[in-house]
Amino acid sequence: MNVKHRILSTLLGSLAAFGVASAAQAQTTWDMPTPYPVANFHTENIQQFADEVTKASAGKLKITVHSNGSLYKSNEIKRAVQGGQAQIGEVLLSSLANEDQLYALDTVPFLATSYAESQKLWKVSRDAVEARLAKNGLKLLYSVAWPPQGIYSKTALTSMADLKGIKIRSYSPTVARMIELMSAQPVTVQAADLTQALSTGVVSANITSSSTGYDTKSWEQLDYYFDVQAWLPKNVVFVSQKAFDALDPATKEVVLKASAAAETRGWKLSEEKTAWYIGQLKTNGMKVLPASDVLRADLVKVGEKMTAEWLEKTGADGQKILDAYRKAK
């Protein structure tokens, strides 16, 4: 091989290597841990979000969804995204209340009990939530509400006195406080572990949505669902600000557009599926009942106390949000 051929061969090899490296750099992959099963509507919505991002970015960004706590448990997800072990994640907003009480706003009982009220509450509190996540290096993408929360139990409930001493599953600090005020015992159990906790007697009652009740087949251990519609908690999806900043401008826009679509679609899906979930509980033998007047009055008193406690802990920031929400109503 003469000198010209050697130079040409080296040049072509370098260009090929550069092309391979460029192609590798062209595709970015994000891992996305989520706490809920594949068939849960939150996870279905997230999977559609991920698929839309891949398609709209022409494969430049691929989001791999790890559902049902398979990559990280619910209480590990935020820390994993902050630390760079995952790039994007989903958590229940109120599960972060130990970090900042403002995150507990949507689980204050009987403050926002319908989808319309919950959306108004989110609208006036979103900026504050976004600012707090930003301090941890996280960028808020979107939020979706769960169906209204009710009480699952083995026995009929006529008043709060029927819950005294019972071990009830808690999924956030605010829910734990509510259970305490109900004179019951809160036991923290992640959604992925709820079926086992019920079957082994770790808990014998549960405060959650009709959706989670369906996912965990609550009718196999519990007989009653009291549709008290205490609040509509929300999940939030956030991304590492560092990972987001590493994207090119066009891909950033793809992520933001898909996030907006996922929020709109997710809220609509949540509301539409609520009646279906309730129907499934009934079909599988659960007695679905409204709260009695006495039980509701007892719970409303708990809600009033917790609203006052929340304002005491959040101060001027909390009062500003609450005032804006009541004005919006």
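Predicted model: local features only at pLDDT ≥ 70, side-chain atom pairs only at ≥ 80, totals over all residues.

Residues are numbered from 1 along each chain as its sequence is written, and side-chain values use heavy atoms, with hydrogens and water left out.

Me: How are helix 2 and helix 9 oriented to each other?
Reply: Helices here are DSSP runs of H or I with at least four residues, and strands are runs of E with at least two, numbered from the N terminus. Helix 2 (residues 41–56) and helix 9 (residues 249–283) pack at about 155°, with axes 9 Å apart; axes are lines fitted to C-alpha atoms, for helices over the stretch in contact, and angles run from 0 to 180 degrees between N-to-C directions. Angles under 35 degrees count as roughly parallel, over 145 as roughly antiparallel, 65 to 115 as roughly perpendicular and the rest as oblique. Helix 2 and helix 9 are therefore roughly antiparallel.

Me: How many nonpolar residues does the contact of helix 2 with helix 9 have?
Reply: The contact (heavy atoms within 4.5 Å) includes F41, F49 and V53 of helix 2 and V254, V255 and L269 of helix 9. Ala, Val, Leu, Ile, Met, Phe, Trp, Tyr, Cys and Pro count as nonpolar, Asp, Glu, Lys and Arg as charged, and the others, Gly among them, as polar. Beside five polar and four charged residues, the nonpolar residues number 11.

Me: How is helix 5 oriented to helix 10?
Reply: Helix 5 (residues 173–181) and helix 10 (residues 293–328) pack at an angle of about 130°, their axes lying 10 Å apart. That angle makes helix 5, relative to helix 10, oblique.

Me: Which residues of helix 10 make the contact with helix 5?
Reply: From helix 5, the contact is made by T174, R177, M178 and L181. By class, the contact has five nonpolar, one polar and three charged residues. The helix 10 side consists of L299, V302, K305, M306 and E309.

Me: Which helix gives the most to the lining of the largest pocket?
Reply: A pocket is an open set of points on a 1 Å grid over the protein atoms alone, with protein on both sides within 12 Å along at least five of seven lines, and lining residues have an atom within 4 Å of a point. The largest pocket has a volume of about 430 Å³, and S74, N75, S95, Y171 and Q190 are the closest to its centre among 27 lining residues. With four residues, the element that gives the most to this lining is helix 3.

Me: How many charged residues does the lining of the second largest pocket have?
Reply: This pocket has a volume of about 160 Å³, a volume being the space filled by probe spheres set on grid points joined across faces, edges and corners. Helix 4 gives the most to its lining, with seven residues. Alongside three nonpolar residues and one polar residue, the charged residues number six.

Me: What volume does the largest cavity have?
Reply: A cavity is a set of grid points where a 1.4 Å probe fits but cannot get out, and the whole structure holds three cavities of 30 Å³ or more. Helix 4 (residues 115–134) gives the most to the lining of the largest cavity, with four residues. The volume of the largest cavity is about 50 Å³.
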